[in-house]
Each structure stands twice: as structure tokens, then as C-alpha cells.
Amino acid sequence: MSDVVLRVENLGKCFKIYRNPWDRAREWISPGQQYHHPFWSLRNVSFEVRRGEFLGIMGENGAGKSTLLKIITGVLKPTEGSYRLDGKVLSLLELGTDFNFELSGRANAIYSAELLGFPPGFVQSRLPEIEAFSELGEFFDRPMKLYSSGMKARLAFSLFAFLDCDVLILDEVLAVGDIFFQQRCYARLEELIKRQVTIIFVTHALDAVQQYCNEAILLHQGQKLFQGEPRAAIIKFHQLRTGHLDPASKVSAPAKPFITISETSKEFFWATDENFVAVDSPDAKSAQLVRYAICNGEGKLSNLFNQGEQAYLCCEFLVKEPIDVPIVTVLITNKFNTIVHGKATCHHNAIVPAVVSQGSCIRFSRRIAFNIAPNEYVLGFALTTMKSSDYARLEELPQVELSNYVKICDVYEQVGVFYIKHHYSLMNEHSHWGICNLPGDCQVQVLSPETDSKNAIG
Amino acid sequence: MPQSLLFHHLYQYRRYICYNAWNELQFRYAGTGIGIFWNLIHPVCEIIIYTIVFSLLISRQTQGHSYVLYLTSGLLPWRTFADAIAQGGNAFTQNATYLKRLAIPPEIFVAKGAVTSLLLLFIYLVLLLPLSALFGGQLGFTVLLLPLLAILLHGLGFGMALILANLQTLFPDIRQILQFLIPLWSWTMPIFYPDTIIPKSIQPWLYLNPPYAFIESIRYIILENRLPSIQVWLIMTTWIVFFLWLGRMVNDTLQDDVRDVI
């Protein structure tokens, strides 16, 4: 038996767009004439998946992800190319579509399995496991119309996780349920992987891609833009989303420095070239952002950090016109566009030159501790400038009028994305609830009325 | 063309089709107070209206049969047949959520519509037989053939609905056309009016109307305990084979296009 469970070769899908439905009939009666406008939803996509692999598929909306999956599951026929599937594929895209809301969860599990092509009675032996996993309790025997949407999804996942298949296709379903259910879902997936089940994961939860997938595919406008390591794929995806990657070039150029500097001082942290991400921003006014890096404590590119973890943020600007005192600002925003953190070089009292000539390069490096809540964050950089005379008396300048003295060169609000994950332990100085961790420490003292209590626990 | 899997699929999904057909019958009027009984009230009202209208217009032309029984025995098969066509024709668009995501053959939804209507006709026939005795019908052993004729009629309905379901998905206008065409169709053959008012010379041409032979056969079993002639059996077989063949061909040819459009 071959190790490759799914082989996709030059797959392409073309949808015919008719302006009027009857144009199709006109096409039938006059062969050779074309009244439709072809739309290639997917083209020239080839890849292989081996048994026991966890493949992530990413892409913007309309990139062709669902078309690809529909072809693999057999819903759509490819226009060109071919695919070979050794075994049974189950797709959680089908999640609950075949559920009959008048029936109980148990009856639905039985009928769904049958509809998916399992022999009658197959699911009977799995029912206790499914029931236990879904944690539906007595709802398992109640009509599904009484279920909440989370319960429906839980039933669907539980059912799919206990049906036999060779390839399991998942989409955003894991976003349902509380953290504990999600944890058990991921644990179950790992178990399936060990049993040589291949999992294909389509998601926007990129942290999950990074954590679980062995490989990731990035689709863009129906083309495979990238296939490889999830971390690299995620960075490509972010570059694509923020418009800093030209999809035409397919493989973005390695992030090369445009000035070779012989020596940087030991104190100055600067990531090595291979850890940089190139940024494509040709329309910059006076300061072009060339590349950036989000590195962990070891200086390796990463975008998944533990709460409280030390990290380095680096970026490089190419100065297109002479400017005065440069001020570089780091901006971290969350999904509600709230600025979680923003700090400029002047806040750090960093040493900066009075003028920067055209064609020079500004390197900015920032050591940071991510003492913020587990979430997804967007990183941005900005370069502003001030006259050196104004900069010298920064303290005295009235705060409200500060904007009159500062000239904004270029602002890059969406450069990169990173994730902060939970610490699964409460006994950690970095864990906390709420938006941010505030520095400090605490002590507890208990005073009981009877004894002289001086033995407080530290 | 790849080998057609139509009948294989129908067999493979037989449990699903039958189970869901029964379910649909139960829940078609879900939420109403008397639920499944609406299936009976609608035709009963129709029968009452036509009886009143026609007993005023036409007096005693139904060859001595009670007009109520004459009408009922023709109207009920026609109603379920038309229902199979209308429901089956909508099957793809109505079940788009399934067809978009599941790799199940779409024809089973058409089959589900046909089976639902067939079950309804069975119920009607069971209720009709005691009524028949009341209104002077002559029942005999030929009633045993009624289930077979009902199945054949809905087999024809399935074939036609399969064609319509495919075409309707690609050309949504067809749905609008059907909405007035189906009621019109019922007047192209003697269902409401007595067949005696049609000139003898034209009567053989009625068999060109595919469902006519089936409905007539069912009607005369109930009215006169009369079996259809060999010729009528031949005509019925021809229509069924033709429409199942055509339905299968249309379905095989258009299925990929239909999947793309849904």
C-alpha cells in the first residue's frame, strides 16, 4: 500500500458564468459558440498528502479552498487534472447538514452515518463513545431542535471523530465549544493522526495551523502560492493579506539587507537574515519598510508565543528623503482595532541621530515581553520625525500640540500577526486574566483574633 | 458517457429515501394543529367544490357512476402525481444545502419526492375503498392491482420529475412556467369532467398524455372492477420506459452542470 493517501495533479475547476440562464440552452443548440464567461476557481494545483499527515489549507475568502475540498469529497467534478484518493474521505464541511431536527441526537448519529455510506448498524457499536465524547448528557436523546448551535456542532464533531475514515476534512468547526471541549477535540485529532488518519484542516485559526499541521498550503485566486512549513505559510498568508506580498512573484524574494554593515554592536539585537520577512511597500512616501522580524528569545522567527514570553521585534526602513530626528513606533492592536501597546523610541529615550540622509537605512530593534492576554494581535510600525531642536525639548512641549511638531513619514499598521497562547498553569507569574499583565507582586497576611499571627505565607 | 449509476444509487440509498419520505409526510404540515390531516382536508375540500360545480353543470353523464366517486378516483391519483412532479422538480433547489456539501447522488431527492407522493396515494386508496362501497363502486379482486398501478404512476412521475429537476436548476424560469402549466395539464384529460363528453374519435388520442392511461386504469378498477386492456398496459409500459430512460439520460448529462450551479 502506497504511503500517499491523496494525490492531486494539476487540478483545475472552471465555472461557467452565464449572464442569462437561457444562454446555456443557446450554447446547446449552437455547438462551438460560447455564451459564457469562464471563471477558474482553481487551477494547476498539485500536491500529495501522506497517511497520518496533518495538512493545513489557508487562503483568503474566494481563494478556492472550498472548491478544492468539494472536489476531493466528490461533490464537484474537476474540469481538468485528476486526483487519486486511497480510502474513504469524510468532510466536516458537511457538518450537520443532514441532521433532522425532529429526531434525537442518537437517531441522527445513526442516520447520518448511514447517509455517509457506513453500513447500517456500524455506528451502533460506537454510540457509547460518541455519547460520552459529545458531553451532551440527556440531550443526546432529545430532539435536535432543542439543541443550541454549539451542541449541534459538538454532536457533529463527536460523530465524525468516531467514524472510520482515511482522510478527515475539518473546517472552522473547532471554533465552537469551550476551551475544554476544544482541547479534547485536538487530543482526539492527535489520536487519529497516530492511527494513520490524514487530516486536512481549513481554517482561519492560524495558530492551530502552526501548532498542529506538518505542512500547509496557501491558495490565492485558485493557485497554489506556497506549500511547505506552516510557519512560513502563515507569514506568507499575512504578507498577502496586508498587501506586502506580490502574488505574481509566487515565491517572495529572500529578505536581503540592502546595506551590508560590517559590525553591529553586541548590545544591539539584530535578527539574522533568514529570520526576516520581506515587506513589499513600494508606495512609501519617505520611509519604506523593507523587512521585519518577530523573533523569540533565541532570535528565531516565530509568531506563536506564550503569555509573558520575551521577544524581539525588528524592522528596517529605507529612507527615501532626508529627514530629521527619526522616531520609530511599535503598534500592537487587537482585532477590535484597540491599540494594546504603542511605544516610540522617544519613550525609551533611545539614542538617535539628529538627521538621517537620503538612502540610509534605519534599523529598529525592540525587546518586549508579551504580558498580554492570549489572543491574536496585529503588529505595526511607524516612522515619524521631529526637528532636532524640538526633540531636545520634548519634555517641555505641550502634549496637546505635539502633533504640530511631529511629521509622520510612513505608517504601516498591518505588518505582521502573532498569537499569544495560554499558560495552562496558574502557578506562573505570567498568567493572568484580562487584557494585560500589570507588573507587581503580592503578599498575603492572615490575622486571626486568637493567636499572634506572624506566620504568613510568602 | 460513464455507466449510469441511477438505479444503483436508488437501491443504495433506499433506506434513506423511504425513511425521509415517510418523515416528510409526517412533517410537511409541521407546526399546524392537526398536522398530517391536512393531507386529507385539502383533497376533500377540492372534491366538495368540484362536486357542487359539476353537478350543476353536467347532469348524469358519468355512465351511472356517482360523480363523487368518479371524481375522487381520478383526482386523488392525479393530485399525488402532480405533487410528485412539483416536489421532485424542486428537489435540487430545495435540497441545495445537502447537494452543496455532500457527495450524495442528487436523484435520491427526486425519488424521495416521488415516494412521499406514493405513500400519500396509498393512504388515499385505503381510505377510498370503503367510500367506494358506499357510493356504489364495484370492488373485486382487481383492487389488488391498485398498489402496482400506483407504483407505476409514480415511477412515471419520478422519470418526469428527474428531467424537470435538472432543467429547473439550470433554468429557474421553468419553475414559474410549471406553476401554471400543471393545473392546466389536469384539464387536458378527463379528471374533473366525465370522459363521455369527449368525442369517441378523439378518445384514443388521450393516451398521448402520459399519466392518462394510469389514472384511467386506477379509476376503472375502483368504479367497475375492470382491468386495463393489454393495449393500455403496453402504452403504460412504453411511457414508463421512455421517461425513465430520458430522465436517466438527462440526469447523467447535466449532473455536473447542476452541481456547479447549485
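B:Asn90 lies in helix 4 of chain B, where helices (H or I, at least four residues) and strands (E, at least two) are DSSP runs numbered from the N terminus. In this predicted model, local features need pLDDT of at least 70 and side-chain atom pairs count only at pLDDT 80 or more, while totals for chains, interfaces and linings use all residues. Residues are numbered from 1 along each chain as its sequence is written, chains are lettered from A and ligands numbered from 1 in the order in which they are written, and side-chain values use heavy atoms, with hydrogens and water left out.

B:Asn90 is buried, its relative accessible area being 13% (buried means under 20%, exposed over 50%, partly exposed in between, with a 1.4 Å probe and protein chains only). Apart from neighbours within four places in sequence, B:Asn90 is in contact with B:Gln168 and B:Arg175, contact meaning heavy atoms within 4.5 Å.

Helix 4 (residues 67–94) of chain B also meets helix 6 (residues 107–134) of chain B, their axes coming within 8 Å and crossing at roughly 165°; axes are lines fitted to C-alpha atoms, for helices over the stretch in contact, and angles run from 0 to 180 degrees between N-to-C directions. Among the residues that make this contact are B:Leu76 and B:Ala84 of helix 4 of chain B and B:Gly113 and B:Leu121 of helix 6 of chain B.

Chain B as a whole has 10 helices and zero strands, and its C-alpha trace spans about 55 × 45 × 35 Å along the principal axes. Of the 262 residues in chain B, 53% are buried.
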